[in-house]
Number of protein chains: 2
Amino acid sequence: SQHREISIVTGTYNGTPVSVVSTGMGAGSVEIVINEIHVLKEYDMARRAWRPRAGDSAVEGKEANTAELFDPASVKIIRVGTCGSPMPTMPVTALAVTRYAIGMDNSCLFYKAPEIAALPDLQEVRRAVREHTGLRDFDIYVAKAHPTITQGIVNACEALNRKLGAATSSTDSQTPQACVVGATATTSGFYAPQGRVVGRFHNHITVPNLVDELGQLRMNVSEGTEVVANIEMETSVVCYLSQLLGYRAGAVCVVVAKRAGEKRETASVEQTKKAVSNAVRVALEAIVAI
Amino acid sequence: SQHREISIVTGTYNGTPVSVVSTGMGAGSVEIVINEIHVLKEYDMARRAWRPRAGDSAVEGKEANTAELFDPASVKIIRVGTCGSPMPTMPVTALAVTRYAIGMDNSCLFYKAPEIAALPDLQEVRRAVREHTGLRDFDIYVAKAHPTITQGIVNACEALNRKLGAATSSTDSQTPQACVVGATATTSGFYAPQGRVVGRFHNHITVPNLVDELGQLRMNVSEGTEVVANIEMETSVVCYLSQLLGYRAGAVCVVVAKRAGEKRETASVEQTKKAVSNAVRVALEAIVAI
């Protein structure tokens, strides 16, 4: 099924039903897709009502049949995409796996969730970004990928590398798929919003050192010191709206450009194809394993 | 040519070269397209240099041949799209023609332009929006469609109606194409960012009365009292970045949903098709006439 730039295909991967959905570029497009996934998952067309969840006040006592209750944790979403990296040590073609999402786009500011904003590690990430980058005047929001998704992607990548290692014993030599976990900075454009300066915009960049600032950022969170692994345009919305709905979500993005450090680098088309193929495989393995 | 959701076709309309470019949904996607139009128009591939403009300090005296100077006003951009309207009196299928653009997305906050922000009418629009809507905590930006584009679209719509009127003398009766000029509110999503509440998000809408508030907004600007004609997801970026570059830009969007007033209404597929066809025709006529 297709409408505008959104296409959806449903099939099975190793026997588990999986839907693959394209989104357009940018947070606005993803905001649409997550709302529509919400409707597809939780609106009961036949009864013309939202499906009850355990703990719903309207449900208590009324619906004795708990088998009908919807479990939001059953919804698992993994974004697969491409990105740049502000880390001087990040190899191109590595997979950047999201633990935290830094929303520099403002799409989710239209969704208030004080219970998410109050989480200490998210407050720490938000404070660090605003204190140590030129984003101090930006009203950013922060979300967290679900830990089972983040870990599931890492596990799937390690399993893939074990398989590739096994394959090396044959004639076909394979390089291992690198995988780096960290925070993902999501912004509302590709050029100035990612510190790229084009022509006449050169004196008009609000945050000219954004990439270096994000690359140098160190955030003290409950799980240790966190770095910004990548910059792209969609992950914050996937993670924030899913966290709000109780869905389990995360992201795995191929680093196609290393944008800081001594040796800046861009992945070739061939390298990108191979890494994207690995990212898709890792995401599928993770989603059926969790 | 096509890349991701961006397609571009160049041809001629009544002898004038015109390119038609699709953008994806949302401000981020348009931010990319305008930067790339900027490169295509002003970067001289052969000389590997940006084309000089009249008034460039580096150019004065150096480039005697003024024939080579690039005139930014020669670049004319009209966005054609669909939108909702917060005006209780707006008929569906009407064309909303942008005079001002209210950027509730934050893409262009990454492009500072104090000279645009200082314009009195833009300050008036920004102040009115922040004082009279729930957007007071949002850091919005404002831009203006180029007056020749706004007027050109209105003129083309009137010319179309004269033609349709002439056609009525035959058996084929045609209703005139309505056209309303006003401010366009651009936001960074379709659901909560446009006041639409879906399922579990119902207690999480930051600006729940956005549509009514925008519909009731009256702004005193140099050209009289301005209303908000429509809400959509792309126009602010088209207008703001074009204004910054000195390009002439504007937008004409078909109202497919009237979202306020006694009688809310959605245009049918047939109505939408016809109005979009009129919008395309009006935009083409305007762009070749200006």
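The questions and answers below concern a predicted model of two chains, A and B.

Reader: By what turn can chain B be laid on chain A?

Author: In this predicted model, chain B can be superposed on chain A with an RMSD of 0.0 Å and a shift of 0.0 Å along the axis. The two copies are thus related as by a two-fold rotation axis, and 100% of the contact residues of chain B recur in chain A, so that the same surface serves both copies.

Reader: What area is buried between chain B and chain A?

Author: The contact brings together 54 residues of chain B and 54 residues of chain A. Carbon and sulfur atoms give 61% of the area buried between the two chains, and on the side of chain B the residues that lose the most area to chain A are B:M25, B:F110 and B:R200, together 20% of what that side buries. The area buried between chain B and chain A is about 4,500 Å².

Reader: Which residue of chain A forms a salt bridge with B:R200?

Author: Across the interface of chain B and chain A there are 4 salt bridges, besides 34 residue pairs in polar contact. One of the salt bridges involves B:R200, whose closest approach to its partner, N to O, is 2.7 Å. That partner in chain A is A:D56.

Reader: Which element gives the most residues to the side of chain B that touches chain A?

Author: Across this interface, where 34 residue pairs are in polar contact, the elements of chain B that give two or more residues to the side touching chain A are α1 and α6, the latter spanning 235-245. The element that gives the most, with 9 residues, is α1(B).

Reader: How far from B:E31 is the nearest side chain of opposite charge?

Author: B:E31 lies in helix α1 of chain B, which covers residues 27-42, and touches residues of both chains, including A:F190, A:P193, B:Y111 and B:L241. The backbone nitrogen of A:Y191 is 3.2 Å from a polar atom of the side chain of B:E31. A salt bridge needs a nitrogen and an oxygen within 4 Å, and B:E31, although buried, has none. The nearest side chain of opposite charge belongs to A:R196, at a distance of 7.9 Å.

Reader: How many residues apart in sequence are the parts that A:R79 and A:E234 tie together?

Author: A:R79 and A:E234 form a salt bridge with their closest N and O atoms 3.1 Å apart, and both residues are buried. A:R79 lies in strand β6 of chain A, whereas A:E234 lies in the loop between β12 and α6, so the pair ties together parts whose separation in sequence is 155 residues.

How values were computed: Residues numbered from 1 in each chain as written. Chains lettered and ligands numbered in written order. Predicted model: local features only at pLDDT ≥ 70, side-chain atom pairs only at ≥ 80, totals over all residues. Heavy atoms only, no water. Least-squares fit on C-alpha atoms with pLDDT ≥ 70 in both. Contact = heavy atoms within 4.5 Å. Helix = DSSP H or I, 4+ residues; strand = E, 2+ residues; numbered from the N terminus. Buried < 20%, exposed > 50% of the residue type's maximum accessible area, 1.4 Å probe, protein only. Lys, Arg positive; Asp, Glu negative; His and termini not counted. Polar contact = N/O pair within 3.5 Å; in protein donor to acceptor, adjacent residues only side chain to side chain. Buried area = accessible area lost by both parts, 1.4 Å probe. Lists of a residue's contacts leave out its neighbours within four places in sequence.
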